[in-house]
Structure formats: structure tokens, C-alpha cells
Amino acid sequence: MTTQPRPGLSRRGFLGTAAVLGVTAAGGSLVACGDDNAAKPVGKPRKGGRLTIATGGAKGSDTLDPMLLNSVPVSFMARVLYDQLADYDNQMQYHLQMAELIEPNSNNDEWTIRIRQGIEFHNGKTLDADDVIFTFKRALTLPGSVIVGKFKPLVDPNNITKLDARTIRLKLKRPAATFQTALASPFKIVPVGYDPGNPVGTGPFKYKSFTPNRQWVVERFANYWNANGKSELSDHPAPASLGGKPYLDELVVNVINDDSARIDALVSGQVDAINMLQYSQIPIIEKNPRLELMESRTGAWTGIYMNAEQEPFNDVRVRQALRLAIDREQALTACLSGHGVVAHDLPEPFAPGYPKTLQRKRDVAKAKQLLKEAGKEGVSVELVAGPVSIEAVPMATVLARNAAEIGMNIKVRQVDTATLFGPNFHSWKFSVDKWPPQGNYLTLMSLTDLAESTSLTHLGGEDLSKLKSLYEQAQATSDKAKQDQLTQQMYQIQFDRGGWIIPFFANVENARNTRNAGWPKNDFSGRTFGNAHFEQVYLTS
């Protein structure tokens, strides 16, 4: 990761931020740093040793089961323990990983997957077709599986055929031209008979110990299949003399959910790197010669969603009024101190077919008019917000202040993540959620607005019918230009009538001491720690 240029603050932008959040000009640094700042030098690279990092965002319910990922730390720990058939790199470019072939038939309703030869699990077992079939069936049947949504509409567990020791064929329920992207967002392969109490994968590190909400420890896997594979771009790539990846002997992950305690641990030398750096803490890193900021722009997004089945959001004019009311530049400044880019309510900015020309300007007069036409002047509504990201609650606060200008009363109710993601999660009237990019908008749609059980905006009627029709047409064609055109039509419906408010894409903020290096310079997925590519990190002396 590296620092990215971000917009300076106009007087209007700064004063707007102060008004929204109730701060003064003395509160916090707003100094920007760009790519022209040279990365700090490192010492002599060495192989081996222990890297200790600190993470926030952990929960007592965390698990290393890759089918039950429910927090940021668990997500990046899954990346070091397990691997995938395909993946997106840190610039959101799709590529094959453990598979050497993922190929559809001419109708896109039958897919052949062949895995590479000689990939070894941590327990010495060789990866084969049975493991891939077992993983698919487990993803579809395990209670609480977080990836069941993207496979259930397509994959029939009883219609998977083993062709040979390394090859399977899936007969899908319907055509799916982008099925390969679902395998990369994410889908971790585990061995037949997988035991989550003693997790075994094919990743660069193997399990050593795990205490939920406290600590993870993993150690180097000497037979890592991709030891000499291509690494992510880095300001300090490892020299060839270090041999194959991973370079570390051990990775220790300490859970420090308190933001102040986490940066204190880095400054004092108790840990070597931290994630989820608060924007107000960035000057501490920039002023310390022993520390370096690791920042990357991302396609990750925290959105405020409106349930279109419930009043007042069942009227599209109310949804549009709020989208016109929010001051996106003010939100970027207030919530991120400028560390990100303005968005226009459309996710997946790196996806094929993303319509960059669809942009929304703030229009208070138009928003008032729409609210009046809907008969909702003075309407009150509760916005349930929780700490799904650094910016989630401040973003809700910005929207509430902006909405007051158009005659709408929004009361922000803060809850913890357990409450937010509890039984009401898919039925809140007005709430927040955070998503990493899926790499393809069609994949995202199958998980959200088109999903039968996991929809957040609950679009219905003609809107849903049109989206489904366009989605099915896009999945039935192998013509990429046609697929992009259909995708853009789906985006247009979402732009005109959808239920997401996405004011910006936030940068990811991590920090390290200069005794370690090799970190990726990009993390477009926004999953922190360079998308957890710890296999290319090394220590220095």
C-alpha cells in the first residue's frame, strides 16, 4: 500500500465539516500526502522471524472456518490459511489461482474446473477433485454459511461430476457467464473431512493457535504451492536471496479493538504493524521516523440503505430526495478527512461496465420538491448505525444534518455490531453496511438486491423484474461488450430508483514500523494489511 493523492480542503469544505461534526479548526490535522513522498528506507532484508500485528474489528464469535467469516480480522486470517481456485489481485484484476482451468460451455450453464497438480494441504494431503466437491457441498449446506447466497441460485450439489482426479464439472441451474468471478470473491478450498477446530488449508501459513477476540498465531508452511509465484506490487519487494515465500517463520495477530491502544502498541514497539488507523491518528505516523503510513484507495464502500418495502422509502421520491440532499464532498471531508474519493451511490467502481458518467450533484431545492410531492414533509425516521467501518456512524450523522435542510428528521441510533447484524439485519428500515468489492457488479447483485433471503434494499415490482431480466440476459451471453451494456442498464435502474446511499469510497489506512517491509502498495479491495498478503512481508535488521 502507498499514500494516494487526495483533494485539498476548500474553506467551504472545512467549515462544512466543522459544522457537521461540531469541531473547531484546531481539531486534527488535515495535511495531505501523495505518491511523490518516497517510502522510508528499510534495513537489510532477512528471512525468518516473527511478525506481530494488531487488528481491530474482532468479535468473540470469530472463527477460522472460511464459510463463517464475520469480521475483517477473520477475513484476512482466512487468506493466509486457505487458498482459492481463482482470485483478484490487489488492483482488482481477475486471475486463476489453484485452478489451471475454469471454463464454461457455449451456453454458460456448464463449467469445467481443473486444479493444478501437486498442491499440498498443511496435513500433507494432496489437493484433488474430491476436496473441491466437498467444499462446494459444505458451502451450500453448512448452517450460517456466508457464501451460500452466491452459489445456491446456481449450483446444484447433486449435479457436480468428478471427471478425473483433478477435474470436476458443474451443471448449473441456469446460465451464468460470470460464474468464475463468484469463485474469487472469496471461496476458500478445504479438504474432505475439514475440522474447524484444527483448520487445514493450502495457504502460505498453517494454523498454530487461536483464541477468539484475543489472538491468532500461524506459522510458515514449508511446502506452500505458490512459494515462487508472482507477488503483489511493493515499494520494497523482497530480494531473490530470500528464496521462496513466505519469508516469515511466524505471524502473530493480537486483537486490540480500542483505536488508541492499537496505535500506542505500534508507537511503543509492542507490535510491528496495525490496521484500521483512524484518520485523526495519521499525523502521529507521519511525524515518527520509525513508522510509515500504508494507504491505498479502494473500491470498498460503506453504504446507507433504505428498505423500499417500508414507509417512507417505498416511495422512490423519498429515496431520491435523500440522495440529492447529502453533501458528498462534506461527507468525504467530515468522515475521512479527505482520504478517499466521492461516489455517486453506485458500488463496484472497478467492475466491467461501471458507468463513470453517472454522477449526482447536491440539489436541496429538488430534494425539497420531491419530499413535498411525496407528501413526506417533516417525516421522521430512525437510522440504525453501527461500527461496521470507521466512517459508518459519522456518515449517518452527516446525512442526518443534511436531511434536516430538506425538512426530513433523521434520528441516528447507534448500536453494536451484534445488534446491527442480528435478526433484524435484513429487515431494518434504514441502516448501514460495509462491503468489499466483489470484482463484478453482477456478482454483487446476486448477493444483495436480487437475493431472495439477503436483500438489503428490498426493491420489488417492476424495478426488481427489470433487474432480474437484465441480469439473466447478461449471464446468458459470452459477449463482453453486450454484458457491459446490460450491466450499465442495471446500474441506471439503481441510480434512478435504488436504495443505496454511497457518498464515497474510503481509503484503507494501515501503518508499520520500518523494521519490516515487502507490503503490497495497493489494496483496492480495502480488506486491510495489503489484502493480507503476509507471505511477501519480511523483516529487516
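Is the crossing of H14 and H15 left-handed or right-handed? The crossing of H14 and H15 is left-handed, a term used if the near helix is turned anticlockwise from the far one by less than a right angle, with clockwise giving right-handed. The model is predicted: local features need pLDDT of at least 70, side-chain atom pairs count only at pLDDT 80 or more, and totals for chains, interfaces and linings use all residues. Residues are numbered from 1 along each chain as its sequence is written, and side-chain values use heavy atoms, leaving out hydrogens and water. Helices (H or I, at least four residues) and strands (E, at least two) are DSSP runs numbered from the N terminus.

**Helix pair H14 and H15**

- Helix H14 (residues 461-476) packs against helix H15 (residues 480-497) at an angle of about 165°, and their axes are 9 Å apart.
- Axes are lines fitted to C-alpha atoms, for helices over the stretch in contact, and angles run from 0 to 180 degrees between N-to-C directions.
- H14 and H15 are therefore roughly antiparallel to each other (angles over 145 degrees).
- The contact (heavy atoms within 4.5 Å) involves residues of H14 including Leu 467, Leu 470 and Tyr 471, and residues of H15 including Leu 486, Met 490 and Ile 493.
- By class, the contact of H14 with H15 has seven nonpolar, four polar and three charged residues; Ala, Val, Leu, Ile, Met, Phe, Trp, Tyr, Cys and Pro count as nonpolar, Asp, Glu, Lys and Arg as charged, and the others as polar.

**Burial of H8**

- Nine of the 10 residues of helix H8 (residues 316-325) are buried, so H8 is largely enclosed by the rest of the structure.
- Buried means under 20% relative accessible area (1.4 Å probe, protein chains only).
- Among the buried residues of H8 are Arg 319, Gln 320 and Arg 323.

**Seven-stranded sheet**

- An open sheet of seven strands runs in the order S9-S10-S11-S2-S12-S21-S13, with mixed pairing; two strands pair if DSSP finds at least two bridges between them.
- Strand S9 (205-211) and strand S13 (291-296) are the edge strands, each pairing on one side only.
- Helix H2 (residues 72-81) packs on this sheet, touching S2, S9, S10 and S11, and its direction makes about 15° with that of S10.
- Strand S2 (residues 50-55) runs parallel to strand S12 (residues 273-274), joined by two bridges, and Ala 54 stands opposite Ile 274 in S12.

**Four-stranded sheet**

- A second open sheet has four strands in the order S5-S6-S8-S7, with antiparallel pairing.
- Neighbouring strands of this sheet are turned by 20° against each other on average, direction ignored.
- Five bridges link strand S6 (residues 110-115) to strand S8 (residues 167-172), and Ile 113 has Ile 168 in S8 as its bridge partner.
- Helix H3 (residues 129-141) lies across S6, S7 and S8, running at about 180° to S7.

Technical notes
Angles under 35 degrees count as roughly parallel, over 145 as roughly antiparallel, 65 to 115 as roughly perpendicular and the rest as oblique. Buried means under 20% relative accessible area, exposed over 50%, partly exposed in between (1.4 Å probe, protein chains only).
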